[in-house]
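Hi,

Here is the model I promised to pass on.

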Amino acid sequence: MIVRPRPSGLGLVFALRGSILPMIATRLAVIVLLSCVVVWLHHIWPVHVGVASVAPFTLLGLGLSIFLGFRNNSCYNRWWEGRQQWGALISTSRSFLRDINALLPEDDPLRRRAAHRIGMFAHALRTQLRGSQTQPAPDWLPAGGWARPVRNRPGLLLSELASEFAERMRAGEISDISYRLFSDHMTTMTSIQGACERLRATPMPFAYSLMLHRTVWLFCLLLPFGMVDILGLGTPLLTLVLAYSFLGLDALGEELEQPFSATPNGLPLDAMVRIIDIAVAETLCDPTPEPLHPQNFVLL
């Protein structure tokens with residue numbers, strides 16, 4: 001996620017860190033080069049290059065902006081829902097840790113194991129959503145990786161934890177009320193996992209995205225032919241500005257569509273997992289790790 005102060009003045013024009021411009025620079029260069037070629041051809045054959053009216057481009061651009069706005073709103077809603085789910089996971093983990101700290105004796109080994117499993121759940125969910133381990137893991141995670149490969153590592157961790165709580169309840173070491181309280185926390189964590197998996201496994205409909213990609217490219221490629229009669233040598237500049245707007249919105253929607261990716265506009269899962277690691281360490285009175293900070297204005 002991009003984390004930086006808002007630029008002002010000329011900084012808004014020349015800021016590259018956090019801008020979508022590096023992603024679409026090659027595409028913009030192709031559009032500007034085509035515009036220059038169109039201007040040159042119009043100078044040689046003014047009758048054969050160009051169109052008499054810009055009305056079709058105006059209507060196409062208006063419709064395209066509406067559809068791009070709708071798609072970007074939908075993609076942002078996916079991004080924001082992912083942030084809400086991880087915010088809920090942080091809150092639930094803190095509440096779970098607080099109840100474990102209050103209801104289990106300080107010398108009970110289950111207290112430490114349960115707290116570590118809560119942290120392991122966050123690590124496992126982050127790894128499952130991103131498909132890679134990017135954040136340095138705390139020393140209480142299994143050395144050399146997990147014991148055995150499973151498809152649902154977060155669910156397995158909660159099942160193991162629920163089994164331990166159930167054994168303690170059957171032995172009379174914790175009350176059924178305490179077990180129900182722990183179970184409610186685990187149910188909430190399972191719901192969060194399911195919501196995150198739904199966001200990851202259900203992207204925007206491919207046909208809709210493909211239609212928008214094609215239309216954006218068609219509009220940008222045809223735009224110089226519609227502007228050259230009116231603007232002449234100024235055609236490449238206007239084409240660059242409009243292509244930046246449409247191609248930039250298209251590329252930004254692609255990044256927001258996958259909120260758990262490690263792209264600059266993805267959610268900072270590493271930083272949020274570190275928040276849970278800090279909560280685990282503070283609950284167990286262990287050395288507390290430092291929060292993650294942005295690197296070159298990017299927080300992963």
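Below is what I found in it, going from the overall fold to single side-chain pairs.

A word on the ground rules. This is a predicted model, so local features need pLDDT of at least 70 and side-chain atom pairs count only at pLDDT 80 or more, while totals for chains, interfaces and linings use all residues. Residues are numbered from 1 along each chain as its sequence is written, and side-chain values use heavy atoms, with hydrogens and water left out.

**The fold**

The protein chain has nine helices and zero strands (helices are DSSP runs of H or I with at least four residues, strands are runs of E with at least two, and numbering starts at the N terminus). Read from the N terminus, the order is α-α-α-α-α-α-α-α-α. Of the 300 residues, 41% count as buried (buried is under 20% relative accessible area, exposed is over 50%, and partly exposed is in between, with a 1.4 Å probe and protein chains only). Among contacts in the chain with a separation of 6 or more, 76% are between residues 24 or more positions apart (a contact is heavy atoms within 4.5 Å).

**The core**

The largest nonpolar core has 56 residues (such a core is a set of buried Ala, Val, Leu, Ile, Met, Phe, Trp, Tyr and Cys residues joined through side-chain atoms within 4.5 Å). Trp 86, Leu 89, Phe 96, Phe 165, Cys 220, Leu 247 and Phe 260 touch the most other members. Helices H2 (21–44), H3, H4, H5, H6, H7, H8 and H9 each supply at least two residues of this core, and H3 gives the largest share, eleven residues.

**H4 against H9**

The axes of H4 and H9 come within 10 Å and cross at roughly 175° (axes are lines fitted to C-alpha atoms, for helices over the stretch in contact, and angles run from 0 to 180 degrees between N-to-C directions). That makes H4 roughly antiparallel to H9 (over 145 degrees; under 35 is roughly parallel, 65 to 115 roughly perpendicular and the rest oblique). Residues making the contact include Ala 115, Ile 118 and Gly 119 of H4 and Val 273, Ile 276 and Val 280 of H9.

**Salt bridges**

There are 13 in the whole structure (a side-chain nitrogen of Lys or Arg within 4 Å of a carboxyl oxygen of Asp or Glu).

- Arg 168 bridges to Asp 108, with the closest N and O atoms 2.6 Å apart. Arg 168 is in helix H5 (residues 153–170) and Asp 108 is in the loop between H3 (55–103) and H4 (109–130), 60 residues apart. Arg 168 and Asp 108 are both buried.
- Arg 112 and Asp 286 meet at 2.9 Å, N to O. Arg 112 lies in H4 and Asp 286 in the segment after H9 (269–283), so this pair ties together parts 174 residues apart in sequence. Arg 112 is partly exposed at 37%, and Asp 286 is partly exposed at 25%.
- Asp 184 and Arg 180 meet at 3.1 Å, N to O. These two are four residues apart in helix H6 (residues 176–201), about one helical turn. Asp 184 is partly exposed at 37%, whereas Arg 180 is exposed at 55%.

**Aromatic pairs**

I have six of these for you (rings of Phe, Tyr and Trp, using the six-membered ring of Trp, with centres within 6.5 Å; planes under 30 degrees apart are stacked, over 60 edge-to-face and the rest tilted). Tyr 76 and Trp 79 are stacked, 5.8 Å centre to centre with 20° between the planes. They sit three residues apart in H3, about one helical turn; Tyr 76 is partly exposed at 40%, but Trp 79 is buried at 11%. Phe 219 and Phe 246 have ring centres 5.0 Å apart and planes at 65°, so that pair is edge-to-face. Phe 219 belongs to H7 (residues 206–231) and Phe 246 to H8 (residues 235–257), and Phe 219 is buried at 4%, as is Phe 246 at 9%. Finally, Phe 96, Phe 165 and Phe 182 form one aromatic cluster.

Cheers
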